[in-house]
Amino acid sequence: MTEIKLTVQAPTLVNRDFVKPTLCGPGPCDVWPSVNEALTKPVISPICDEHFYVLDDIRAGLKYVFQTNCDTVLALSGSGHGGMETVINNLVGPGETLLVAKRGFWCERALEMAKRYGINTITTTVPMNETFSLQQLENELRKHRPTALFIVHGDSSTGIVQNLKSVGELCQRYGTLLLVDTVVSLVGVPFFMDDWKIDAVYTSTQKAFSGPAGISPVAFSDRALNKINNRTHQPPFYFDVKLLSQQWNCYGSTRVYHHTLSSPLLWALRQCLQEVIKETLPRSWARHAATTKHFLKRVEQLSLKTFVPKPEDRLMTVTTVVLPKGYDYLQFSKYMREKYNILIFPGIGQTVGKTLRIGLMGVNSTIQVADAVADAVAGTLIALKKSSL
């Protein structure tokens, strides 16, 4: 055999010891045991019958969790950011106007993406721990008549849930499409795509679905589909819903190849949906609400405050907690991990140094986990106070 001289030698990859923490930050969340098992199912070809049967099952489940009868429902290869990029670049073209309801970190990401596509962006803002009123949104819609309004339903950077009832009706009145981020809210809090007249929505599996990151469900209304079919701009090939909807057989007549979807992620998403269907959406919503209500009571007993003052504005999957003066949020999170092996996170973006972000969602939305986190918070408050004296 002819000698081959390599310019880069094989590295030594050393396995590291790792004790998995309980994932109680704003995401990712721990996964269902059944989802772990699903990840080990066989890899399948993207052009075989079994592959398309799995896609059909996923689409049926997604219609349930989004509460929509629309046909343009599918899942993207990619994280929640892929979903964000897809709904924006398929529905708003260069030179058109996107109104962003700006409050937290994810709204900033939407703005950045839109600007890169040459979209005209405008914003309307509220304080980080408040929600948008219908009057404020209507004033902006009337003034700017944007192509679309982007708004976050559940905001993991602030712990806010936005009331979306009647927002879709407002948008229709002014000829505007409504684009919604539900990454950290879907299946954790009530959501009704059709009843709320939402035109495009995306989510991801690593939050209340209790699945792995890397696959992101999206759905588009008939109004949105009409815009997609009549748009004058071309979105990126990988995110083109016209092509993706053919791969996913959204309209009952196509089963074509667009790109190779990850078989393990498809199996995992299918199993996540089976878990939601088995429990039912109303019971899932009730479980998340009861767990967070219990945790908030424990927080109040520790004389801590929540970042979001109004109870009706608090997200039932991620709670933002304000520490007493003198505590360092990053140090607090690190101590929780080192002492209790519970992973929570400090604020992000504008909430850095202002909040802890504690997630109780999916498989971790239980009274037992809530008590474990509350006990760890109590212990950390004492330990760090003592260590600073």
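Analyst: Let's start with a crossing: α3 passes α4 in a right-handed one. Right-handed is when the near helix is turned clockwise from the far one by less than a right angle, and left-handed when it is turned anticlockwise. The labels come from DSSP runs, numbered from the N terminus: helices are H or I of at least four residues, strands are E of at least two. A word on the model: it is predicted, so local features need pLDDT of at least 70 and side-chain atom pairs 80 or more, while totals for chains, interfaces and linings use all residues. Residues are numbered from 1 along each chain as its sequence is written, and side-chain values use heavy atoms, with hydrogens and water left out.

User: What are the angle and the axis distance for α3 and α4?

Analyst: The general idea is that two packed helices are described by the angle between their axes and the distance between the axes. Here α3 (residues 80-91) and α4 (residues 105-116) pack at about 50°, with axes 10 Å apart. An axis is a line fitted to C-alpha atoms, for helices over the stretch in contact, and the angle runs from 0 to 180 degrees between N-to-C directions. α3 and α4 are therefore oblique to each other. The scale goes like this: under 35 degrees is roughly parallel, over 145 roughly antiparallel, 65 to 115 roughly perpendicular, and the rest oblique.

User: Which residues in α3 and α4 meet?

Analyst: From α3 you have His81, Met84, Glu85 and Ile88, and they meet Trp106, Arg109, Ala110, Met113 and Ala114 of α4; contact means heavy atoms within 4.5 Å. Sorted by class, that α3 with α4 contact has six nonpolar, one polar and two charged residues. Nonpolar covers Ala, Val, Leu, Ile, Met, Phe, Trp, Tyr, Cys and Pro; charged covers Asp, Glu, Lys and Arg; the others, Gly among them, are polar.

User: How do α2 and α9 pack, in angle and axis distance?

Analyst: Read α2 (residues 49-66) and α9 (residues 263-279) the same way: the angle is about 40° and the axes are 9 Å apart. That makes α2 oblique to α9. Their crossing is left-handed. On the α2 side, the contact residues include Val54, Leu55, Ile58 and Leu62, and on the α9 side they include Leu266, Trp267, Leu273 and Ile277. By class, the contact of α2 with α9 has 12 nonpolar, two polar and three charged residues.

**Aromatic rings**

User: How many aromatic pairs are there?

Analyst: Rings of Phe, Tyr and Trp (its six-membered ring) pair if their centres lie within 6.5 Å; planes under 30 degrees apart are stacked, over 60 edge-to-face, and the rest tilted. By this rule the count comes to six. Phe192 and Trp196 make one that is edge-to-face, 5.5 Å centre to centre with 75° between the planes. In Tyr238 and Phe239 the centres are 5.6 Å apart and the planes at 70°, so this pair is edge-to-face. Ring pairs also link Phe191, Phe192, Trp196 and Trp285 into a cluster.

User: Is Trp196 buried or exposed?

Analyst: Buried means under 20% relative accessible area, exposed over 50%, and partly exposed in between (1.4 Å probe, protein chains only). Trp196 counts as buried because its value is 10%, whereas Phe192 is partly exposed at 24%. In the other pair, Tyr238 is partly exposed at 38% and Phe239 buried at 15%.

**Single residues**

User: Where does Phe192 sit, and which residues does Phe192 contact?

Analyst: Phe192 lies in the loop between β8 (177-181) and β9 (200-202). Setting aside neighbours within four places in sequence, Phe192 contacts Phe66, Gln67, Ile198 and Trp285.

User: And what about Gly82?

Analyst: Gly82 belongs to helix α3 and is buried, at 10%. Beyond neighbours within four places in sequence, Gly82 is in contact with Leu76 and Phe239. Also, Gly82 and Ser204 are 122 residues apart in sequence but 9.3 Å apart in space, C-alpha to C-alpha.

User: Is Phe237 buried or exposed?

Analyst: Exposed, with a relative accessible area of 55%. Phe237 is in the loop between α7 (222-230) and α8 (241-247), and Phe237 touches Leu243 and His258, not counting residues up to four places away in sequence.
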